[in-house]
Amino acid sequence: MEKKKCPQCKNFILKTSPTCLYCGRPNKFITKEYVNKKWNKDNNKNLLDHSLINKYIIFILLLIFTIVIIKFS
């Protein structure tokens, strides 16, 4: 991992860290988009909704399939 010196306290920090671990100075300009991209909050919500819909569809199709098999056997 590449490190750089913090401009404020002169300690070495990782280039990818959002803030300095020693003094708390921001390493990057942190925006809402950066936080959402970093922690994947927007995508988790959409992914969860999408996966629940797929589970319900699969359950309903499986239920219909078993009813049809039972009825025609």
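Glu2 counts as exposed in this predicted model, because its relative accessibility is 55%, and I start with this residue since it takes part in a salt bridge with Lys15, where the closest N and O atoms are 3.1 Å apart. Lys15 lies in the loop between β2 and α1, which covers residues 32–39, while Glu2 belongs to the segment before β1, so the pair ties together parts of the chain that are 13 residues apart in sequence. As for the lysine, Lys15 counts as partly exposed because its relative accessibility is 41%. Side chains of opposite charge can pair when their charged atoms come close. How many salt bridges does the structure hold? The count is one, and the Lys15 and Glu2 pair is a salt bridge.

Let me stay with the start of the chain for a moment. Met1 is also found in the segment before β1, and with a relative accessibility of 81% Met1 counts as exposed. The C-alpha atoms of Met1 and Thr16 are separated by 8.6 Å, although the two residues are 15 positions apart along the chain. If we leave aside the neighbours within four places in sequence, Phe12 is in contact with Lys3, Lys4, Lys5 and Tyr22.

Now to the overall layout. The secondary structure comes to two helices and two strands, and read along the sequence these elements follow the pattern β-β-α-α. Of the 73 residues of the chain, 8% count as buried. Among the contacts between residues at least 6 apart in sequence, 0% join residues that are at least 24 apart. The accessible surface of the chain comes to about 6800 Å², and 65% of that area belongs to carbon and sulfur atoms.

Next, the cysteines. Cys6 lies in the loop between β1, residues 3–5, and β2, residues 12–14. Is Cys6 buried or exposed? Cys6 is buried, because its relative accessible area is 1%. Not counting residues up to four places away in sequence, Cys6 touches Asn11, Ile13, Cys20, Cys23 and Arg25. The C-alpha atoms of Cys6 and Leu21, which are 15 residues apart along the chain, are separated by 9.6 Å.

Lys10, in the loop between β1 and β2, has a phi near 65°, a positive value in a residue other than glycine. Most residues other than glycine have a negative phi, and most peptide bonds are trans.

Moving on to the loop between β2 and α1, we find Ser17 there. Ser17 counts as buried because its relative accessibility is 13%. Which backbone oxygens does the side chain of Ser17 reach? One is the backbone oxygen of Leu14, reached at 2.9 Å, and another is the backbone oxygen of Thr19, reached at 3.4 Å.

I finish with helix α2, which runs over residues 41–72 and includes Leu63. Leu63 counts as partly exposed, because its relative accessibility is 42%. Leu63 is one of the residues of a nonpolar patch on the surface, which it forms with Phe59, Ile60, Ile64, Ile67, Val68 and Phe72, and together these residues have about 730 Å² of accessible area.

How values were computed: Residues numbered from 1 in each chain as written. Predicted model: local features only at pLDDT ≥ 70, side-chain atom pairs only at ≥ 80, totals over all residues. Heavy atoms only, no water. Patch = residues over 30% accessible without salt bridge, like charges linked within 9 Å, V, L, I, M, F, W, Y side chains within 5 Å. Areas by Shrake-Rupley, 256 points an atom, 1.4 Å probe, with all protein chains shown as cover. Salt bridge = Lys/Arg side-chain N within 4 Å of Asp/Glu carboxyl O. Helix = DSSP H or I, 4+ residues; strand = E, 2+ residues; numbered from the N terminus. Buried < 20%, exposed > 50% of the residue type's maximum accessible area, 1.4 Å probe, protein only. Contact = heavy atoms within 4.5 Å. Polar contact = N/O pair within 3.5 Å; in protein donor to acceptor, adjacent residues only side chain to side chain.
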